[in-house]
Amino acid sequence: MDIVASYRRVIDTPDMVQGSPEDISPTRFGKIVDLLKASGRTDCCVRGNEPTAHAEFERLLAIAEKGRIRVHVETCGLLTAEARRLLEDRPLPVILKLYRPSVYEPGQLEEVAAAIGAINAAYPDRLRVCAVIDDLMQPLDYIESFVGEVGARSVAFRIVCPKELDQLRAFTGDFVPVVTGLGTTGVRVSLECGLPPCVFSDADYGALAKLDCLPMRCLPQPGVLPDLRVFHCWSLISRATGNLGAFRQTGQALDFLFSTFADAQCDLRPFADCTACPSASSEACVGPCLALKLERIEEDVARLRTRVEDDATQEDLVQLGVRYWQLRKFSEARDCLVEARRGDPGNGGVHLMLGRVYHRLGDLAGMEEEYEKAARLSREPAPVLAELGRAFGAVGKAGKARKVLARLSALEAEAQSHQRV
Ligand code: SF4
């Protein structure tokens with residue numbers, strides 16, 4: 001799990017974020033360490049704009065050491081003398097975020113190389129360079145020379161999301177030779193998310209596979225903010241939600257993040273390339289990054305709202321309801337779908353969507369009524385009833401769930417007897 005220890009910064013970077021409180025309190029940090037221990041975890045990554053700038057960074061390290069949680073420190077490498085001493089004295093894994101050279105003031109990149117080279121020399125092989133790539137048009141030749149200078153044996157590549165697929169496809173022509181060049185010198189190379197399989201040619205994909213360096217899927221890389229809200233990944237930090245204190249295991253936080261974004265994550269409709277893609281159907285890819293999907297969904301909402309305000313068609317209202325639902329704006333989704341239902345009360349699809357929305361709003365009577373209407377209006381009521389049964393089960397209404405599932409069994413028995421006739 002990633003822990004954002006501090007929003008303090010020493011340079012302005014392209015992946016910089018803002019938030020409050022500026023530092024995580026040692027008490028909250030201790031609670032996270034306890035949760036990690038209770039979950040059987042042994043590691044965490046302490047990060048932020050610059051976590052070593054935390055006013056009590058040494059105390060955080062001591063709390064983690066006491067809890068036997070190994071801290072990986074992600075840093076921009078511009079360190080105070082005190083932070084440098086702390087990292088030189090301890091054998092902690094260090095992740096150095098390397099940006100394009102124009103991000104740094106004159107002399108700063110050399111300062112980073114000197115500090116990080118010394119830290120790596122103190123405990124060799126604990127350094128990973130993470131090349132953070134925000135501008136796909138910039139040359140990448142600085143990466144190899146920096147890695148050689150500091151003696152890193154492991155390099156990860158992180159694309160700052162979201163990026164369009166065609167931009168990424170154009171980028172891989174320059175990118176893959178850098179990755180394979182490093183890989184063939186014995187450096188371990190890895191790709192973080194942001195680069196789905198389709199952006200690579202078959203030859204490039206094969207070259208990366210030989211280095212065991214294949215694209216990761218856009219799945220939660222959970223993290224927690226100083227106020228204990230949890231986030232899906234760094235690119236979606238502004239959508240942090242929930243509270244880590246509500247979970248007894250880190251796995252519950254992961255489940256929560258999955259379910260929070262599942263409706264948007266599963267939606268490949270805005271991306272023409274993805275709808276018939278074998279990588280999607282074989283689950284090798286979950287589509288473009290979630291940050292891009294959410295951006296597209298919000299664009300749709302803006303477009304549909306204008307249309308609905310001018311002269312709403314039934315289709316616009318339903319689509320807007322679905323888009324709100326994907327963004328977990330359930331009250332707005334309900335309002336759109338209720339209006340759509342008024343215009344077309346015999347539309348089973350609208351009743352089904354309303355049933356789902358009432359479920360999320362905790363209105364179980366509304367949920368049941370709408371699912372039942374959807375089942376009555378459908379030529380195939382079984383999947384609708386199965387969903388209603390699952391929905392009752394999910395909210396702890398076991399008796400209701402059993403009754404619905406009994407009706408489902410009766411329907412199946414009836415269908416089988418018709419087939420025999
Ligand atoms: S699902 Fe979409 S993003 Fe993923 S590999 Fe296929 S075309 Fe690319």
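What share of the contacts in the chain with a separation of 6 or more comes from residues 24 or more positions apart? Such pairs account for 65% of those contacts, where a contact means that two C-beta atoms, placed from the backbone, lie within 7 Å. Before we go on, note that this is a predicted model, in which local features need pLDDT of at least 70, side-chain atom pairs count only at pLDDT 80 or more, and totals for chains, interfaces and linings use all residues. Residues are numbered from 1 along each chain as its sequence is written.

Let's start with the overall picture. The C-alpha atoms fill a box of roughly 80 × 50 × 50 Å along the principal axes. You will find 16 helices and nine strands in the chain; these are DSSP runs numbered from the N terminus, with helices being H or I of at least four residues and strands E of at least two. The chain is divided into domain 1 (2-264) and domain 2 (312-420), with bounds from an automatic or database domain assignment. Between the C-alpha centres of domain 1 and domain 2 there are 42 Å. Of the 421 residues, 37% count as buried, that is, 20 or more other C-beta atoms lie within 10 Å of the residue's own, with C-beta atoms placed from the backbone.

Now follow strand β4 (residues 94-98). Because five of its five residues are buried, β4 is largely enclosed by the rest of the structure. Both of its faces are covered, with V94, L96 and L98 buried on one side and I95 and K97 buried on the other.

β4 also has strands to pair with, pairing being at least two DSSP bridges between two strands. Strand β3 (residues 70-75) runs parallel to β4 and is joined to it by three bridges; here T75 has L96 as its bridge partner. Together with helix α3 (residues 81-89), β3 and β4 make a right-handed β-α-β unit: with the strands pointing away from the viewer, the path from the first strand over the helix to the second runs clockwise. Strand β5 (residues 127-133) pairs with β4 over five bridges, in the parallel sense, and R128 of β5 stands opposite I95. From β4 the chain crosses through helix α4 (residues 108-122) to β5, in a β-α-β crossover that is right-handed.

Finally, look at the ligand. Among the residues surrounding it are P196, C198, F271, D273, C274 and C285, each with its C-beta atom, placed from the backbone, within 6 Å of the ligand. The shell divides into nine nonpolar residues, two polar and one charged.

How values were computed. A residue is buried if 20 or more other C-beta atoms lie within 10 Å of its own, exposed if 12 or fewer, and partly exposed in between; C-beta atoms are placed from the backbone. Ala, Val, Leu, Ile, Met, Phe, Trp, Tyr, Cys and Pro count as nonpolar, Asp, Glu, Lys and Arg as charged, and the others, Gly among them, as polar.
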